[in-house]
Amino acid sequence: MDATATVTPFSTLIRTASHEQHTEAETSTFMSDLLGGRLGVDAYTRYTEQLWFVYRALEEAAEALRNDPVAGPFIQSELMRSTELERDLAHLRGENWREGLEPLPATAAYAARVAECARTWPAGYIAHHYTRYLGDLSGGQIIRDKAEKTWGFERKGDGVRFYVFEQITNPAAFKRGYRELLDGVNADDLEKQRIIEECKRAFALNTAVFRELGEVFPLSA
Ligand code: HEM
C-alpha cells in the first residue's frame, strides 16, 4: 500500500468525512430558526429535553466502558453533561421536570443506537462520543451565546449550563488532546472506517431529531 495512504490522522479523516453532514445539521430549518431568534423558549426547552435523553444514553454507559481498551480513554468525567442538563431542565420545566417527559421518536431511536453501540461495539460508541462532545465544545458555544441573548438566561447560568464545561478551562487544548486520542485509537484501518460510518450515522440521527422538532415548531410564517 502507498505509505501516504495511512498518514492522514484519524481525527482529520473523521472531521473531513462528516463535514457535509455537519453543514446539514448546522443549517437545518430548526437550528436556523432557533438560532435566528425566531422560536420561543418552548422550542429551546423541547430541544434541551431531547439532549437529555441522548446524554443519558451516552453517560449511563460510560462507567461500564471506562476500562474498555478501545472506548475507555474517551470516558472523561469533565465532559459529562447529564447533571447540567438536569439543572437546565429544572429551570426550564420546573422542579418536576421529569414528569411527562417523553422523547420524540427520532430521539428515542438515537438514544437506542447509542445504547446499542455502548453494549455491543465500543468503537462505535466513540463515534457518538465524538459527534456530541466535540461539537458541544465547538459550535455549542455559539448556541449558548444565542440562547442567552434570545431568551434572557443568565450568562453561563441555569438554562444554558449544558454548554458550560466548568472543568475544562482551555477548550482549545482539550480539543487538541481529544484529537490525539482519536489519532491513537486502538483500532485497525477497517475498524476506523466503520467508526467514520457510524459518525455519519450519528449526524444523521441528530438531523432527524431536528426534523421532528421542526415539525413540532413550524414557523407560522
Ligand atoms: C447551529 C449549530 C452548529 C454550529 C454553529 C456549529 C459550529 C461548529 C464550529 C464553528 C465548529 C469548529 C470548531 C473548531 O474548529 O474548533 C464545529 C465543530 C464540530 N461540530 Fe458543530 N456546529 C453546530 C451544530 C453541530 C451539530 C448538530 C453537531 C452534531 C451533533 C456538531 C458536531 C460538531 C463536531 C463533532 C465538531 C468537531 C469537528 C472536529 O474538529 O473534528 N455540530 N461546529
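# Exercises on helix packing and buried residues

The axes of α7 and helix α11 (residues 189-216) come within 8 Å and cross at roughly 160°. Axes here are lines fitted to C-alpha atoms, for helices over the stretch in contact, and angles run from 0 to 180 degrees between N-to-C directions. Helices (H or I, at least four residues) are DSSP runs, numbered from the N terminus. This is a predicted model, where local features need pLDDT of at least 70, side-chain atom pairs count only at pLDDT 80 or more, and totals for chains, interfaces and linings use all residues. Residues are numbered from 1 along each chain as its sequence is written, and side-chain values use heavy atoms, with hydrogens and water left out.

**Exercise 1. Classify the pair α7 and α11, and state the hand of the crossing.**

Step 1. Take the angle, roughly 160°. Angles under 35 degrees count as roughly parallel, over 145 as roughly antiparallel, 65 to 115 as roughly perpendicular and the rest as oblique. α7 is therefore roughly antiparallel to α11.

Step 2. Find the hand. A crossing is left-handed if the near helix is turned anticlockwise from the far one by less than a right angle, and right-handed if clockwise. α7 passes α11 in a left-handed crossing.

Step 3. List the contact (heavy atoms within 4.5 Å). α7 gives Pro105, Ala106, Thr107, Tyr110, Arg113 and Cys117. α11 gives Glu198, Arg201, Ala202, Leu205, Asn206, Ala208, Val209 and Glu212.

Step 4. Sort the residues by class. Ala, Val, Leu, Ile, Met, Phe, Trp, Tyr, Cys and Pro count as nonpolar, Asp, Glu, Lys and Arg as charged, and the others, Gly among them, as polar. The contact of α7 with α11 has eight nonpolar, two polar and four charged residues.

**Exercise 2. Work through the pair α4 and α11.**

Step 1. The axes of α4 and α11 come within 11 Å and cross at roughly 150°. That makes α4 roughly antiparallel to α11.

Step 2. The crossing is right-handed.

Step 3. Arg46, Tyr47 and Gln50 of α4 meet Val209, Phe210, Leu213 and Val216 of α11. By class, there are five nonpolar, one polar and one charged.

**Exercise 3. Which residues touch the most other members of the largest nonpolar core?**

Step 1. A nonpolar core is a set of buried Ala, Val, Leu, Ile, Met, Phe, Trp, Tyr and Cys residues joined through side-chain atoms within 4.5 Å. Buried means under 20% relative accessible area, exposed over 50%, partly exposed in between (1.4 Å probe, protein chains only).

Step 2. The largest core has 69 residues, and Phe30, Leu34, Tyr47 and Tyr125 touch the most other members. Helix α4 (residues 41-60) supplies its largest share, ten residues.

Step 3. Look at Phe30, in helix α3. Phe30 is buried, because its relative accessible area is 2%. Leaving aside neighbours within four places in sequence, Phe30 contacts Leu39, Ala43, Tyr47, Phe210, Leu213, Gly214 and Phe217. The C-alpha atoms of Phe30 and Gly214 are 4.9 Å apart, though 184 residues separate them along the chain.

Step 4. Look at Tyr125. Beyond neighbours within four places in sequence, Tyr125 contacts Leu58, Ala61, Ala62, Leu65, Ala71, Ile75, Val114, Cys117 and Ala118.

**Exercise 4. Decide whether Thr45, Gln76, Gly36 and Lys156 are buried or partly exposed.**

Step 1. Thr45 lies in helix α4. Its relative accessibility is 9%, so Thr45 counts as buried.

Step 2. Gln76 sits in the loop between α5 (62-65) and α6 (82-93). At 17%, Gln76 counts as buried. Setting aside neighbours within four places in sequence, Gln76 touches Phe174, Tyr178 and Leu181.

Step 3. Gly36 lies in the loop between α3 (29-35) and α4. At 43%, Gly36 counts as partly exposed.

Step 4. Lys156 lies in the loop between α9 (140-151) and α10 (171-183). At 35%, Lys156 counts as partly exposed. Lys156 also has a positive phi of about 60°, although it is not a glycine.

Key. Helices (H or I, at least four residues) and strands (E, at least two) are DSSP runs, numbered from the N terminus.
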